[in-house]
Amino acid sequence: MEIKNFWFTDELEREFEKVCIHSSDDAFNSAAFKRLGYTLNMGYAYNDIYSSVVNYFDAELFSSDIVDLNELDRRLVNLSIFNSALYKKKMDLEYIEVAPKILISISQVEYVYGITISDVKKLQKWVLKCEDKYFNAHSLWNRLSESGFSEKLQNNEWMCTCIFRQQEAIASLQVAGGIILCREYSELNFGLICKWLVEKNDNTKFNFAF
C-alpha cells in the first residue's frame, strides 16, 4: 500500500480490492489497519504518528498562514471532524476568514491589515452593542467609520463580517453570496429577515441592505 499520512475510505477500499484479492471484506477493519500503523475511522484513516486526526490537521493543514478551502479535497472539507477543527480555529481567533473560504492566520492579519487580536476582540464587543436585529459589516459600515474601525479594515466587508461572527454570541446565515448575522439563533431564517426589512423600511432592497 502506498505510504500516505491520510487516506479517504473510498481510496482504501480501492487499494484493498487491488491488493487483497484473496481476502474477504471482513479483513477490512480497524484492527488490520492498526497493525499497519493507521487509525481507521468513518470516512478516513490517518497515520498513527500523529496520535489524533486533529494533530494531523494542525501539522499538515493549519501550519500555514493561509488556508484556502477551495484547494482542499471536497471529501476532507465535508468531514464533520474537519469542520469541528476549523470551527475551533475560528472561535479561538487563530484564523480569520478574509474572503469566501480563504482564511489567514491572526499574525498575517496583523501584518497585512495592522489589525491585532486586541482589535479583533474590540470589534466583536462593538458589534454586540448593535441594536439592529439583523446585520453585517455592509449594513453597519457607516457606523464602523464613525467608530474609527473602518480604516484598518481596508473596505474588506467580508473579513469584518467574519470577525463579527467568529464568536459564540453571534449566529450567521449565508444568503445570496453574503452573510447575515443575528444574536438569536432561532430568529435567523430568510423569511424572518425579509419580514423584518419590510417592517423596518418598505423602500429597502435586500441586496442594498446587506
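1. Strand E5 is mostly covered, with four of its five residues buried; buried means under 20% relative accessible area, exposed over 50%, and partly exposed in between (1.4 Å probe, protein chains only). Helices (H or I, at least four residues) and strands (E, at least two) are DSSP runs, numbered from the N terminus.

2. On the basis of the note: this is a predicted model, in which local features need pLDDT of at least 70 and side-chain atom pairs count only at pLDDT 80 or more, while totals for chains, interfaces and linings use all residues. Residues are numbered from 1 along each chain as its sequence is written, and side-chain values use heavy atoms, with hydrogens and water left out.

3. E5 belongs to an open sheet of three strands in the order E4-E6-E5, with antiparallel pairing; two strands pair if DSSP finds at least two bridges between them. E4 and E5 are the edge strands, each pairing on one side only. From one strand to the next, the twist averages 30°. For this and the later angles, axes are lines fitted to C-alpha atoms, for helices over the stretch in contact, and angles run from 0 to 180 degrees between N-to-C directions.

4. The pairing within this sheet can be followed residue by residue. Strand E5 (residues 95–99) is joined to E6 by four bridges, and the two run antiparallel. Tyr95 stands opposite Ser105 in E6, Ile96 stands opposite Ile104, and Ala99 has Ile102 as its bridge partner. On the E4 side, three bridges connect strand E4 (residues 66–68) with strand E6 (residues 102–105), again antiparallel. There, Asp68 stands opposite Ile102 in E6.

5. The hairpin of E5 and E6 has two residues between the strands, and Lys101 takes a positive phi near 65° in this hairpin.

6. A second open sheet also has three strands, in the order E1-E3-E2, with antiparallel pairing. Its edge strands are E1 (6–8) and E2 (38–41), each of which pairs on one side only. The twist in this sheet averages 15° from one strand to the next. E2 and strand E3 (residues 44–47) run antiparallel and are joined by four bridges. Asn41 has Tyr44 in E3 as its bridge partner.

7. Among the helix pairs, H3 (residues 53–60) and H5 (residues 80–91) pack at an angle of about 60°, their axes 10 Å apart. H3 and H5 are therefore oblique to each other; angles under 35 degrees count as roughly parallel, over 145 as roughly antiparallel, 65 to 115 as roughly perpendicular and the rest as oblique. H3 passes H5 in a right-handed crossing; a crossing is left-handed if the near helix is turned anticlockwise from the far one by less than a right angle, and right-handed if clockwise.

8. Which residues of H3 and H5 meet? Val53, Val54, Phe57 and Asp58 in H3 meet Ile81, Phe82, Ala85 and Lys89 in H5, where contact means heavy atoms within 4.5 Å. By class, the residues of this contact divide into six nonpolar, no polar and two charged. Ala, Val, Leu, Ile, Met, Phe, Trp, Tyr, Cys and Pro count as nonpolar, Asp, Glu, Lys and Arg as charged, and the others, Gly among them, as polar.

9. Helices H8 (residues 137–147) and H10 (residues 157–165) pack at about 95°, with their axes 10 Å apart. H8 and H10 are therefore roughly perpendicular to each other. From H8, Ala137, His138, Leu140, Trp141 and Leu144 meet Glu157, Cys160, Thr161 and Phe164 in H10. The residues of this contact comprise six nonpolar, two polar and one charged.

10. Leu192 lies in helix H11 (residues 190–200). Is Leu192 buried, partly exposed or exposed? Leu192 counts as partly exposed because its relative accessibility is 29%. Not counting residues up to four places away in sequence, Leu192 touches Tyr134, Ser186 and Glu187. Leu192 and Tyr134 are 58 residues apart in sequence, and 9.7 Å apart in space from C-alpha to C-alpha.
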